[in-house]
Amino acid sequence: MSTYAQLVIGPPGSGKTTYCNGMKDFLSKLGRQTSIINLDPANDSLPYECAVNISELITLGDVMEKLKLGPNGGLIYCMEFLEKNLQWLCAKIESNSKPQYYLIDCPGQVELFTHNNAMRSITAQLLKKGIKLVAVHLVDSHYCSDPGKFISVLLTSLSTMLQLELPHINILSKIDLIDKYGQLPFSLDYYTEVLDLEYLLQHLSNDLFYKRYKKLNQCLIELVNDYSLVSFIPLNIQDKESVMEVVRTVDKAGGYILQAQERDTLASLMSTTYGADFEFFRHGSVREQFISTN
């Protein structure tokens, strides 16, 4: 039986650990044998039980103390150390005979996924071992409230997609909290589908600070448009339908097919919320639930 895994990545504070914890709970209820692998050497307070923990191999605290490195340099060292000792991780996975599905909780340092080659090498070697990976890139949805920050999110997402060269899903996390940052300049569909970014540029032109960098922003927007790769799925990890939409998309990207038990459990689980007419994979109502139209 094939082994599947989600490589859960994203900047600090995007909700990676919460995602892994909530996703494991959801998948376990479906009947999917799921385990979590913690590859964040700085994460010493885990809310979940993990099958593999990088702290058994190396910790950020030890690296910073012994090598006199800062947190950023220390994290890069830890990932390069893991790259050179990947047989340790592979042996841990092979010894875990039950689960066939993993959630890999990764560090939040953006450089590891945009231009440092350690994670790219690690994922390439895992693929050779027969593990079917899908990159799940989480971004805090509050960045949608600031057009300038949203452009940076688009660039980070695009750069990560090109660097890792994996099936890739971008997620706007904490979508249930987005109203706390004020009304969005555009509808949520504009951000999830990354529609005509020229409108975003016009909005930036009204800001005195961003107006100085109009030509730069124009070039960045054209770059994102030329690749036409980036889109997002909104997620509230506490909402069943929202989580199921992510599961459906990730499974499709990774080639995972629901087992009979999972299909039956899903039907029972979702019908309690939406009734007998629930369609397994219809798009969620996240926009109606969490986005104010006022």
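1. In this predicted model, Ile 37 stands opposite Ile 104 in strand 4. Ile 37 also stands opposite Val 52 in strand 3. Strand 2, residues 34–38, is joined to strand 4 by five bridges, and the two run parallel. Strand 2 and strand 3 likewise pair in the parallel sense, over two bridges.

2. Strand 2 is mostly covered, with five of its five residues buried. The cover extends to both faces: Thr 34, Ile 36 and Asn 38 are buried on one side, and Ser 35 and Ile 37 on the other.

3. Strand 1 and strand 4 run parallel and are joined by five bridges. Ala 5 stands opposite Tyr 102 in strand 4.

4. The largest nonpolar core has 31 residues, and those with the most contacts inside it are Leu 7, Ile 37, Leu 82, Leu 89, Ile 104, Met 119 and Leu 126. At least two residues of this core come from each of strand 1 (3–9), helix 3 (71–84), helix 4 (86–95), strand 4 (101–105), helix 5 (111–114), helix 6 (118–128) and strand 5 (131–140). Helix 4 provides the largest share, five residues. A second, separate core contains 29 residues, including Tyr 4, Cys 20, Val 247 and Leu 266. As a general point, nonpolar side chains tend to be buried together in soluble globular proteins.

5. Neighbours within four places in sequence aside, Leu 126 is in contact with Leu 89, Cys 90, Ile 93, Ile 131 and Leu 133. Just after helix 6, Gly 130 takes a positive phi of about 95°.

6. On the surface, Leu 162, Leu 223, Tyr 227 and Leu 229 form a nonpolar patch, with about 340 Å² of accessible area together. Leu 162 is found in helix 7, residues 147–164. Leu 162 counts as partly exposed because its relative accessibility is 37%, and the partly exposed class lies between under 20% (buried) and over 50% (exposed).

Terms used. Residues numbered from 1 in each chain as written. Predicted model: local features only at pLDDT ≥ 70, side-chain atom pairs only at ≥ 80, totals over all residues. Heavy atoms only, no water. Core = buried A, V, L, I, M, F, W, Y, C linked by side-chain atoms within 4.5 Å. Buried < 20%, exposed > 50% of the residue type's maximum accessible area, 1.4 Å probe, protein only. Helix = DSSP H or I, 4+ residues; strand = E, 2+ residues; numbered from the N terminus. Contact = heavy atoms within 4.5 Å. Patch = residues over 30% accessible without salt bridge, like charges linked within 9 Å, V, L, I, M, F, W, Y side chains within 5 Å. Areas by Shrake-Rupley, 256 points an atom, 1.4 Å probe, with all protein chains shown as cover. Salt bridge = Lys/Arg side-chain N within 4 Å of Asp/Glu carboxyl O. Pairing = 2+ DSSP bridges.
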